[in-house]
Amino acid sequence: MRKLVLFLHASLDGFVEGPNGAMDIGWVSYDADLEKHAKEILSTADTVIWGRGTYQMMYSYWPSVPSNPSASQHERNHAEWIEKTAKIVFSTTLEKVEWNNSRLVKENVEEEINHLKQQPGKDMVILGSPRFAHRLMQFDLIDEYKITVSPVLIGKGLPLFQGVKERINLKLIENKTFDSGAIGLVYQTVR
């Protein structure tokens, strides 16, 4: 059975976005170490799960990277990976998704995720989409939490965890410390 993995960057005080919204992530300690770490995480997945906002933000940027002369090699590699990866977008307001290998799901979130878990393939990763992740947490659908914690306090913004109504037990299965002071944590949901 495939796992549903949440991969997000967080501040030490538990925020995944700063007070100015989704683009307010300049505080993330993103460097070559975290690039390598992200590549390792994404190498275990063949499907990306997004909510509407993250899909639209990613679609507005990543398809243009291969033709951007100032894009780094890491960005080009990621653009190539994301182009060929299956992308499933959950939205009640979008009418269609146009990115290569994308599919729109408008209803029955819990049933669709459980159906996807039964399909053959590698892991599915929620890449960003913290608001959608909050909803999936409420259904207890996330199997692993892969969180990088940056050594910064930002004071306010969107919390990593929000709306969890019942206890979810987690087991730490991996941790890494990076030269930047960031920490990579992997927690498995205990059911």
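# Sheet, cores and salt bridges

L170 has T189 in β10 as its bridge partner. This structure is a predicted model, in which local features need pLDDT of at least 70 and side-chain atom pairs count only at pLDDT 80 or more, whereas totals for chains, interfaces and linings use all residues. Residues are numbered from 1 along each chain as its sequence is written, and side-chain values rest on heavy atoms, with hydrogens and water left out. Helices (H or I, at least four residues) and strands (E, at least two) are DSSP runs numbered from the N terminus.

**The sheet**

- Eight strands form an open sheet with mixed pairing, in the order β5-β4-β3-β6-β1-β7-β10-β9; two strands pair if DSSP finds at least two bridges between them.
- The edges are taken by β5 (102–105) and β9 (170–177), each of which has a single partner strand, so one side of each lacks a neighbour in the sheet.
- On average, and with direction ignored, neighbouring strands are turned by 25° against each other; axes are lines fitted to C-alpha atoms, for helices over the stretch in contact, and angles run from 0 to 180 degrees between N-to-C directions.
- Seven bridges join β9 to β10 (residues 183–189) in the antiparallel sense.
- The pairing of β1 with β6 is parallel and comprises four bridges, with F7 opposite L127 in β6.
- The pairing of β1 with β7 is also parallel and comprises seven bridges, with S11 opposite S150 in β7.
- Helix α2 (residues 52–59) lies across β3 (45–51), β4, β5 and β6, and runs at about 115° to β3.

**Burial of β1**

- Strand β1 is mostly covered, with eight of its eight residues buried; buried means under 20% relative accessible area, exposed over 50%, and partly exposed in between (1.4 Å probe, protein chains only).
- In a regular strand the side chains alternate between the two faces of the sheet.
- In β1 both faces are covered: one side has the buried residues L4, L6, L8 and A10, and the other has V5, F7, H9 and S11, also buried.

**Nonpolar cores**

- The largest nonpolar core has 25 residues, and those with the most contacts inside it are L4, I49, I113 and L136.
- Two or more residues of this core come from each of β1 (4–11), β4 (86–90), α4 (109–118), β6 (123–127), α5 (130–138) and β7 (144–150).
- A second, separate core has 23 residues, including V5, A45, V65 and V89.
- A nonpolar core is a set of buried Ala, Val, Leu, Ile, Met, Phe, Trp, Tyr and Cys residues joined through side-chain atoms within 4.5 Å.
- Apart from its neighbours within four places in sequence, I113 is in contact (heavy atoms within 4.5 Å) with L4, I49, F90, M124, L136 and L141.

**Helix α4**

- V109, E112, I113, L116 and K117 are the buried residues of α4.
- Viewed down the axis of α4, these buried residues fall within an arc of 140°, so they line one face of the helix; the arc is that of the directions from the helix axis to the C-beta atoms.
- The buried residues of α4 pack against β1, β3, β4, β5, β6 and α5.
- Exposed residues E111 and Q118 are carried on the face of α4 turned away from its buried side.

**Salt bridges**

- The structure holds 13 salt bridges, each being a side-chain nitrogen of Lys or Arg within 4 Å of a carboxyl oxygen of Asp or Glu.
- K117 forms a salt bridge with D143, their closest N and O atoms being 3.0 Å apart. K117 lies in helix α4 and D143 in the loop between α5 and β7, so the pair ties together parts that are 26 residues apart in sequence. Both K117 and D143 are buried.
- D140 forms a salt bridge with R191, their closest N and O atoms being 3.3 Å apart. This pair links distant parts of the chain, 51 residues apart: D140 is in the loop between α5 and β7, and R191 is in the segment after β10. D140 is partly exposed at 31% relative accessibility, whereas R191 is exposed, with a relative accessible area of 56%.
- K106 and E95 meet through their side chains in a salt bridge of 3.9 Å, N to O. K106 is in the loop between β5 and α4 and E95 in the loop between β4 and β5, so the pair ties together parts that are eleven residues apart in sequence. K106 is partly exposed, with a relative accessible area of 35%, and E95 is exposed, with a relative accessible area of 66%.
- A network of salt bridges links K3, D123, E144 and K146.
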